[in-house]
Amino acid sequence: MAYATVNPFTAEQVKSFPNASDQEIQQALEAAQEAFDGWKTTTFSQRSQILQKAADLLRAEKPDLAGLLTLEMGKLFSEAQDEVEICAEIFEYYARHAETLLQPEKLPASDEQGEYWLKHEPLGVLLAVEPWNFPYYQVARIIAPQLAAGNTVLLKHASIVPQSAAAFEQLMREAGLPSGAFQNLYATKDQVETMIHDPWVQGVALTGSEGAGASVAEQAGKALKKTTLELGGADPFVVLRDADLDKTIQWAVMGRHFNGGQVCTASKRMIIDQHLYDDFLQRYTEAVAQLKAGDPMLAETTLAPLSSQEAADNLKSMIDEAVQHGATATPVGPAVPTQGAFVQPTILTDVTPDNPAYYKEFFGPVSMLIRAEDEQDAIRIANDSPYGLGGSVFTQDIERGQKVADQISTGMIFINHPTVIKPDLPFGGVRRSGYGRELIGLGIKEFVNHKLVGVVDIEAPF
Ligand code: NAP
């Protein structure tokens with residue numbers, strides 16, 4: 001079966017699910033459109049009640065929901081609980097703010113002969129294609145704003161998290177969402193294409209790899225449907241000469257190894273001023289060596305397995321390839337367990353721009369360290385990437401950090417912190433990291449009709 005739960009810590013296949021039939025896809029499309037016809041007429045207050053209820057249920061069912069995440073993609077149970085919490089906060093954010101964010105705006109008219117309003121009306125049925133690394137958070141980021149706006153959503157989730165996907169659908173039903181307004185489908189890629197071309201579907205939001213983004217955007221382009229793409233990243237983690245190394249190293253370990261290192265905004269490229277480089281390398285290596293790989297359900301575990309054996313094998317071959325092209329790969333810390341989809345934490349040094357690894361995204365506990373001559377060189381290296389998602393600058397001089405941040409071309413950048421994720425901050429990138437923004441007012445306005453309504457009550461000139 002294409003959709004299956006395989007515990008990445010034990011390698012046991014727990015459950016599998018058949019793909020949706022073409023008939024089920026058709027029924028889902030019809031149900032989504034039917035639901036939209038009713039949902040778009042509900043008031044913000046009615047939608048808010050359901051969103052708030054979803055937030056309450058997420059909190060009430062946190063341990064069970066978090067346990068599913070750990071079971072299906074291996075993240076630490078503590079991190080899984082945090083993920084459930086941020087989803088609740090996202091739902092609450094839109095329960096409280098959707099109405100204000102979508103208030104009709106009176107436009108300053110160019111003459112005094114009319115009155116012009118910009119209204120934000122829902123578009124209809126949307127398709128969300130989501131990845132496994134944050135199985136609930138990625139879904140919340142799209143459904144909370146889009147349902148709040150009055151759209152309905154069909155979900156094609158990653159094939160390794162079928163139970164998490166089903167749990168979210170169930171939760172929304174329990175929250176009182178009308179039938180059909182949010183449906184999880186075990187769709188094949190061909191069925192995704194069918195849905196994109198269906199006249200009822202008005203837009204597609206995808207979070208995932210560049211390959212999936214390019215494929216889905218190509219199909220949507222042919223169908224003349226709007227897309228938003230949240231794709232890969234290789235966030236620069238710039239360490240300036242005056243950085244406080246104690247703090248910086250703690251954040252570097254966290255920024256790189258959170259969620260088993262499988263985060264689009266993980267601190268994947270550490271760009272360090274040459275005056276600190278040797279010290280940083282030594283102390284960072286010592287700190288990474290303290291990570292404890294093991295059962296992700298246990299509180300003492302700090303390094304999770306990867307999401308699947310395939311992901312682990314793929315990462316190991318990327319390390320080998322980097323070495324074949326001249327990089328030095330240093331395994332760090334005690335050997336990771338042989339059971340489970342673990343990859344030994346690895347530090348990559350001597351990665352030069354002629355090594356293809358220099359421009360790649362390593363999705364797991366692999367840290368690339370790059371020596372910078374000075375501040376300008378660090379900025380140049382930070383920008384020498386096909387990606388432009390997040391990033392950070394470490395310095396004790398905040399003003400200097402901000403000036404450096406202004407020169408780094410990413411969708412998000414932070415002084416003295418790895419890329420921050422919060423319910424009330426926007427998320428998105430530039431270049432091969434995709435386009436569009438999720439969360440806050442930007443996210444809720446991605447799939448609405450910004451409709452101009454004018455009242456021009458004057459005599460015709462002839
Ligand atoms: P992926 O293979 O692209 O999968 C993401 C989703 O796309 C899954 O549901 C997948 O389904 C589906 N998919 C893949 N190819 C498709 C196609 N041709 N047509 C339709 N659907 C398709 O992504 P991944 O490798 O699992 O996830 C990691 C990537 O996502 C990394 O690059 C990471 O940086 C990126 N990511 C970005 C963000 C962000 O917000 N910018 C957040 C998280 C992750 P199947 O599972 O059935 O293949």
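Here is a walk through the aromatic pairs of this predicted model, ending at one threonine.

Let's start with the rings. Searching the whole structure turns up 13 aromatic pairs. Take Tyr3 and Tyr186: their ring centres are 4.9 Å apart and the planes make an angle of 45 degrees, a tilted pair. Tyr3 belongs to strand β1 (residues 3-6), while Tyr186 is in the loop between β7 (182-184) and α7 (189-197), so this pair ties together parts that sit 183 residues apart in sequence. Both partners are tucked away: Tyr3 is buried at a relative accessible area of 2%, and Tyr186, at 14%, counts as buried because the cut-off is under 20%.

Now look at Phe9 and Phe342. Their planes stand at 90 degrees with the centres 6.2 Å apart, so this one is edge-to-face. Again the pair links distant parts of the chain: Phe9 is in the loop between β1 and β2 (13-17), Phe342 in the loop between β12 (328-331) and β13 (346-349), and 333 residues separate them. Phe9 and Phe342 are buried too. Elsewhere, ring pairs join Phe91, Tyr136, Phe168 and Phe182 into a cluster.

Arg47 lies over the face of Trp39, 5.9 Å from the ring centre, and Lys226 has its charged end over the ring of Phe447, 5.7 Å from the centre.

Thr227 sits in strand β9 (residues 226-230) and is buried, with a relative accessible area of 10%. What does its side chain make a polar contact with? The partner is the side chain of Tyr435, at 2.7 Å.

Key:
Residues are numbered from 1 along each chain as its sequence is written. This is a predicted model: local features need pLDDT of at least 70, side-chain atom pairs count only at pLDDT 80 or more; totals for chains, interfaces and linings use all residues. Side-chain values use heavy atoms; hydrogens and water are left out. Helices (H or I, at least four residues) and strands (E, at least two) are DSSP runs, numbered from the N terminus. Buried means under 20% relative accessible area, exposed over 50%, partly exposed in between (1.4 Å probe, protein chains only). A polar contact is a pair of N or O atoms within 3.5 Å; within protein, one must be able to donate a hydrogen and the other to accept it, and residues adjacent in sequence count only if both atoms are side-chain atoms. Rings of Phe, Tyr and Trp (its six-membered ring) pair if their centres lie within 6.5 Å; planes under 30 degrees apart count as stacked, over 60 as edge-to-face and the rest as tilted. A charge sits over a ring if NZ of Lys or CZ of Arg is within 6 Å of the ring centre and within 35 degrees of the ring normal.
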